[in-house]
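Hi,

Here is the structure I promised to pass on.

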Amino acid sequence: MVIDWGLGIENLPILLRGAKITIQFTVVSVFLGSILGLFFALGRMSRIPILKYFCVGYIDFFRGTPLLVQILLIYVGVPHLFGFTMPDNYQYIAGYIALSLNCAAYTAEIFRSGIQSIDPGQMEAARSLGMTQYQAMRYIILPQAFKVVVPPLGNEFIAMLKDSSLLAFIAIEDLLYSGKIIVGRTFQPMPIYLTVALIYLFMTMALSLLVNYTERRLGKSD
Amino acid sequence: MIKVKNLHKSFGRLEVLKGINIHIKEQEVVVVIGASGSGKSTFLRCLNKLEDITSGEIIIDGISLNSDANVNLIRREVGMVFQRFNLFPHMTALENVTLAPQIVRKASKKEALEIGLELMNKVGLADKINEYPRRLSGGQQQRVAIARALAMKPKVMLFDEPTSALDPEMVGEVLAVMRDLAREGMTMVVVTHEMGFAREVGDRLVFIDDGVVAEEGDPVEVFNNPKNPRTQAFLSKIL
Ligand SMILES: Nc1ncnc2c1ncn2[C@@H]1O[C@H](COP(=O)(O)OP(=O)(O)OP(=O)(O)O)[C@@H](O)[C@H]1O
Ligand SMILES: [Mg+2]
C-alpha cells in the first residue's frame, strides 16, 4: 500500500476540531483542578488529623494510580456501583471529572511546595500583627507562593494536555480519537498519527512559550 | 503591664524555659541578655503566643495568655520586631505598614494611610514609602518593620536582636528609633547585645541563663558589679 502523505493535510479540519476538544478538556480540568488542588494543599497542611489524612490519601491515590484507570473507575465503575444507567454523553462528564480530580492531586503538591517555600518568618510576622491564619494566607503567603508555582503549574498544564489523550479510550472525540477514526477509514496510520503528533507538539510548545513569558513577567515585577 | 509567673516551655523533651518570673511595669524598658540558646527568643515568642507555653502564666495588660485567650486580641497589643526584619516582599514599605491596621483593626484606608505616613516619617523614611523591601538597606528595612509593628498601636513592643543582622554602620539608625520610642514611654522588652543601648536606655537588665532569670537589676549596676558568677563570665566575654 502506498503511503499517502497528503491525507494529513486533507483531514486537518477534522483533526483541528478534535484539538479544540482536547484544549477544552485541558483548560477546564486545569482550572477546576487548580482550585480544588489549592484546597487539598491547605487541607494537607492542616492540623486537623481527619482532614489532613483525607487529603494525603486523596493525593497519593490520584498520583499513584494510572489516569486511565481513574477514568474507567469514574466512567464505568461509579455508575455500576450506584446502579444508575449512564445518561447520554456521560463520557464527557466522566472525562471532566476524572481529569479535574487527577489534576487536583498534582496541583495540590505544587501549591503545597510553593507555600512551604515561603520563609516561615513571613507567617510569624503576619501572625504577630494579629492577622488570623486565613488573613495571613490570603494577604501574605499565597501572593508570594503564586509566583513560585507559575512554572510548575505551567508544566502541569502541558502534562495534562498530553494525558487528556487518554479520553480517546472512552470515545470522547478529542485530537487522538479523531485521528483514530480517520485511520480506521483510510488505513493510513503513519500520515494521520504523525499529523496528530505534530498538532500536540505545536500546542505544547506554544504553551511552554507562554509559561516562559509569564515567568519572565512575574520575575520582573519584584 | 506584663506579669510572667513560673513560665515553663519545652520542645518535646528539651526544656528551654525552666520557670521564668518577671514583672514588667508600664513604660519600662527591659533589656534581656544571655548566651546563645539560653531561651531569649523563646521567651519573647511566648509573650505574644507565637509559642504555646507548657506551664505557668503570662498576663499582659490584664489579659491572661493561657490557652483559651483570644490569641489575635493579644497579638495586636504586642508588637514584635524580628532579627531578620520579615518585611512582606510583595508590598511597598507603606503597604507593609498599612495592611494590618486595615484588615485587623478595620481602620479605613484613609486612617491607615495617615497612620502609615506619620510612622514612616517618624522612622525617618518618608521618602521611601513606595520602595519595595529589597530596594532598602537592612537598617531601613528594620525601621519599616518597627513602623509596621507600631501601626497596630501596641501597648508593648518586643525586639528580638533587632540589630544583629545589620552591618555595623546601620546599627545606630535603628537604635535611635528605639531610643525615641522608649523616651515616648513605650513599654519595651529588648533582646540585644548592644550594651551601650542597654546602659543608656534600659531601665532593667535581665540575664537569662539556662532557662531561668539568673540575675536582674539596674543595667549599670549589673554591668559594673555582677553578682552571679555566670553573669560575670558572660559579661566578660561580650564586653
Ligand atoms: N521550634 C523549636 N523546636 C525545637 N527546639 C527549639 C525550637 N525553638 C528553639 N528551640 C531550642 O530552644 C533553645 C533556645 O532557643 P532560643 O532561640 O530561645 O535561644 P536564644 O537565647 O534566642 O539564642 P540566640 O542567642 O542564638 O538567638 C535552643 O536549644 C533551640 O535549639
Ligand atoms: Mg534568639
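**What sits around the ligand**

The shell around ligand 1 is made up of B:Phe11, B:Leu14, B:Val16, B:Ala35, B:Ser36, B:Gly37, B:Ser38, B:Gly39, B:Lys40, B:Ser41, B:Thr42 and B:Glu161; a residue counts as near if one of its heavy atoms lies within 4 Å. Before going on, a word on the ground rules: this is a predicted model, where local features need pLDDT of at least 70 and side-chain atom pairs count only at pLDDT 80 or more, while totals for chains, interfaces and linings use all residues. Residues are numbered from 1 along each chain as its sequence is written, chains are lettered from A and ligands numbered from 1 in the order in which they are written, and side-chain values use heavy atoms, with hydrogens and water left out.

Sorted by class, that shell has 4 nonpolar, 6 polar and 2 charged residues (Ala, Val, Leu, Ile, Met, Phe, Trp, Tyr, Cys and Pro count as nonpolar, Asp, Glu, Lys and Arg as charged, and the others, Gly among them, as polar). Helices (H or I, at least four residues) and strands (E, at least two) are DSSP runs, numbered from the N terminus.

Now for the polar contacts, meaning pairs of N or O atoms within 3.5 Å. An N or O atom in the side chain of B:Thr42 is 2.5 Å from an oxygen atom of ligand 1. For B:Lys40, a polar side-chain atom comes to 2.7 Å from a ligand oxygen, and for B:Gly37 a polar backbone atom is 2.8 Å from one.

**The sheet**

Which order do the strands of the open sheet in chain B have? The order is S2-S1-S4-S5, 4 strands with antiparallel pairing (two strands pair if DSSP finds at least two bridges between them). S2 and S5 of chain B are at the edges with a single partner strand each, so one side of each has no neighbour in the sheet.

S1 (residues 2–11) and S4 (residues 55–60) of chain B are joined by 5 bridges. Across this pair, B:His8 stands opposite B:Ser55 and B:Lys5 opposite B:Glu57. S4(B) also has 2 bridges to S5 (residues 63–64) of chain B, where B:Ile59 has B:Ser64 as its bridge partner. These two strands form a hairpin with 2 residues between them, and B:Asp61 in the turn has a positive phi of about 50°.

Enjoy exploring!

How values were computed
A polar contact is a pair of N or O atoms within 3.5 Å; within protein, one must be able to donate a hydrogen and the other to accept it, and residues adjacent in sequence count only if both atoms are side-chain atoms.
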